[in-house]
Amino acid sequence: MGATLKDATAIVGIGQTPFAKRLPESEKRLACRAIVAALDDAGIAPSEVDAFASYTMEETDEVEIAKSIGAGDVTHFSKAGYGGGGSCATVAHLAAAIATGQASVGVAWRSRKRGSGPRPWTNTRVQLPTPAQWTRPFGLLRPADEIGMLARRYMHEYGATRDHFFNVALACRNRANQNPAAMMYDRPLTREMYMTARWISEPLCLFDNCLETDGALACVVVSAERARDCRRRPVYVHAAAQGLPAQHHGMVNYWNDDPLTGPAWTAARHLWKGADLGPQDIDVAQIYDAFTPLIPLSLEGYGFCGRGEGAAFTEGGALEIGGRLPLNTGGGGLSEAYVHGFNLITEGVRQLRGTSTAQVPDAATCLVTAGEGVPTSALLLRS
Amino acid sequence: MRAERSPRGTTAGTESMTVRDAMNTSLPPATDTAPDPGADLLLPVPDDDGAPFWEYAARGELRVQTCSDCDEPRFPPRPCCPHCQSFTAHWQRMSGRGRIWSYVLPHPPLLPAYAAQAPYNAIIVELAEAPRIRLVGNLVAAPDAALNSVDPARLRIGAPVKAVFHALPGGPTVPRWVLERP
């Protein structure tokens with residue numbers, strides 16, 4: 001048996017800026033603030049940082065960040081692709097680099113002014129010919145339209161209803177209402193508000209869609225050995241995985257045998273294989289929620305229920321505190337902030353430190369996932 | 001699209017490309033002065049592998065890239081067959097019949113040309129001959145009708161549809177779909 005990732009590294013620092021529809025500072029400045037805060041949280045000097053990982057969609061780069069924060073010589077830097085599908089992969093890449101001796105102190109970050117900046121789908125000049133030529137001319141323009149197609153089919157195949165999607169939106173909103181940092185902290189959601197909300201792409205309404213946020217987050221990864229000397233209780237990376245299934249097509253995954261199984265299934269198989277835990281051992285989950293239907297799909301993919309049972313799983317308060325699987329306990333992308341899922345990683349760390357604003361009692365294990373419906377990634381964290 | 005590129009050869013048994021209805025490539029410009037509901041819709045931007053699809057569509061033909069060695073159809077088009085790795089392919093003509101696999105009704109915010117017709121429908125059609133080949137398109141009342149020309153109440157997963165062809169104002173022709181039982 002060669003080197004293993006299992007518990008070899010830990011997240012020892014987290015940092016973030018405020019979240020808002022509009023922040024005055026630049027993405028670079030926000031990135032530096034989040035990273036410096038994360039290093040301070042860890043009690044590690046910026047000059048010790050020798051690894052960076054972020055998203056291919058990240059607009060700030062290692063060169064600018066490293067010289068701004070005062071990093072030392074950097075020996076590992078990587079980027080993970082596919083938008084929010086890369087969130088957990090940033091930590092996974094750092095964990096792999098540190099576990100194999102390529103680096104010792106890694107920083108992962110995401111800084112994005114998606115709240116005040118342009119919506120990516122409005123760009124008509126830069127469009128990828130594959131697969132945009134097969135979808136955009138017909139008015140399938142936005143991620144909400146692309147996922148709406150799968151959502152409609154999912155409802156048809158399994159009898160899922162809008163109430164199931166509402167269960168997801170409500171759980172995230174309820175947790176945001178407990179989290180002063182959340183954009184929706186003071187805005188409760190009711191079923192009536194949900195059912196009468198304007199459509200974005202039927203069958204998806206406004207509340208099925210994530211927020212548009214300006215903000216930045218970062219975390220610090222070191223070896224388990226080093227973690228013991230850090231300021232905070234270590235949160236171990238127990239397992240990590242990326243997932244690009246055979247014959248997958250990205251968010252417009254309409255062209256294979258079974259479009260209602262996606263990257264979550266692939267990532268999950270690898271994740272559980274490398275873990276001492278199974279779905280039944282997970283105390284709390286941070287599941288990527290750009291759109292509410294991604295939750296039932298991911299619940300199936302990661303094995304919390306059977307095929308087609310994801311919608312029913314959400315019934316009876318299962319996703320609330322005290323339920324079968326408390327979900328997105330900071331409010332998630334739907335109600336805390338949408339920063340390509342990085343806030344799900346930091347909230348997973350808070351749960352295992354015992355410092356969440358919606359703390360699951362004695363939480364010791366947390367699943368964090370990245371964007372479903374695109375090539376994805378996932379982390380199993382444990383205290 | 002690149003007009004100089006001619007469709008690649010077809011295998012024996014597929015319909016001759018010379019027997020076709022060229023109405024879509026010779027469609028005269030609209031003569032009335034009403035704004036065209038299709039003006040400023042996004043045009044397909046073909047890649048090398050996809051270009052023949054659009055060239056056939058301009059001739060009113062729906063064709064799918066098919067492996068010439070193992071006969072498996074594949075979509076979207078790509079350089080080699082994922083089943084047998086053959087680089088030899090042809091474009092198999094489809095009947096144009098299929099069923100609605102899913103659909104959405106987009107509402108604003110949208111690009112202006114689409115917002116002007118919203119809510120409209122976007123549908124996915126699974127082809128009768130190859131149900132795993134699913135094409136995104138629009139269900140319309142007639143080939144040149146607006147994207148919102150079908151009452152949304154008529155949309156239903158499983159509804160049989162057939163392909164028609166519409167020349168976009170900017171030039172390329174796209175397949176669209178009408179109900180088999182309007």
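H6(A) is largely enclosed by the rest of the structure, because 13 of its 15 residues are buried (20 or more other C-beta atoms within 10 Å of a residue's own; exposed is 12 or fewer, partly exposed is in between, and C-beta atoms are placed from the backbone).

This is a predicted model, where local features need pLDDT of at least 70, side-chain atom pairs count only at pLDDT 80 or more, and totals for chains, interfaces and linings use all residues. Residues are numbered from 1 along each chain as its sequence is written, while chains are lettered from A and ligands numbered from 1 in the order in which they are written.

**Chain A overall**
- Chain A comes to 13 helices and 11 strands.
- Its radius of gyration is 19 Å, close to the 21 Å that the globule rule gives for 383 residues, so chain A is as compact as a globular protein of that length (the radius is taken over C-alpha atoms, and the rule is 2.2 Å times the number of residues to the power 0.38).
- The C-alpha trace spans about 55 × 45 × 45 Å along its principal axes.
- Of the 383 residues, 61% count as buried.
- Take the contacts in chain A with a separation of 6 or more: 78% of them come from residues 24 or more positions apart (a contact means C-beta atoms, placed from the backbone, within 7 Å).

**The sheet**
- Nine strands of chain A make an open sheet with mixed pairing, in the order S3-S2-S4-S7-S1-S8-S11-S10-S9 (two strands pair if DSSP finds at least two bridges between them).
- S3 (76–80) and S9 (284–286) of chain A stand at the edges with a single partner strand each, so one side of each has no neighbour in the sheet.
- From one strand to the next, the twist averages 25° (axes are lines fitted to C-alpha atoms, for helices over the stretch in contact, and angles run from 0 to 180 degrees between N-to-C directions).
- S9(A) pairs with S10(A) (residues 365–369) in the parallel sense over three bridges, and A:Ala285 stands opposite A:Leu367.

**Packing inside chain A**
- Beyond four places in sequence, the contacts of A:Val220 include A:Ile11, A:Ala38, A:Ile44 and A:Val107.
- Helix H9 of chain A (residues 263–273) has buried residues including A:Trp265 and A:Leu271; the buried residues of H9(A) pack against S8 (235–243), H10 (294–301), S10 and S11 (376–382) of chain A.

**Where chains A and B meet**
- 32 residues of chain B are in contact with 31 residues of chain A.
- S3(B) (97–106), S4(B) (122–127) and S5(B) (134–137) each give two or more residues to chain B's side, with the largest share, six residues, coming from S3(B).
- S5(A) (residues 199–202) and S6(A) (residues 204–205) run antiparallel, joined by two bridges and by a hairpin through one residue.
- S5(A) also runs antiparallel to S3(B), again through two bridges, and A:Glu202 has B:Leu105 as its bridge partner there.

How values were computed:
Helices (H or I, at least four residues) and strands (E, at least two) are DSSP runs, numbered from the N terminus. Two residues are in contact if their C-beta atoms, placed from the backbone, lie within 7 Å.
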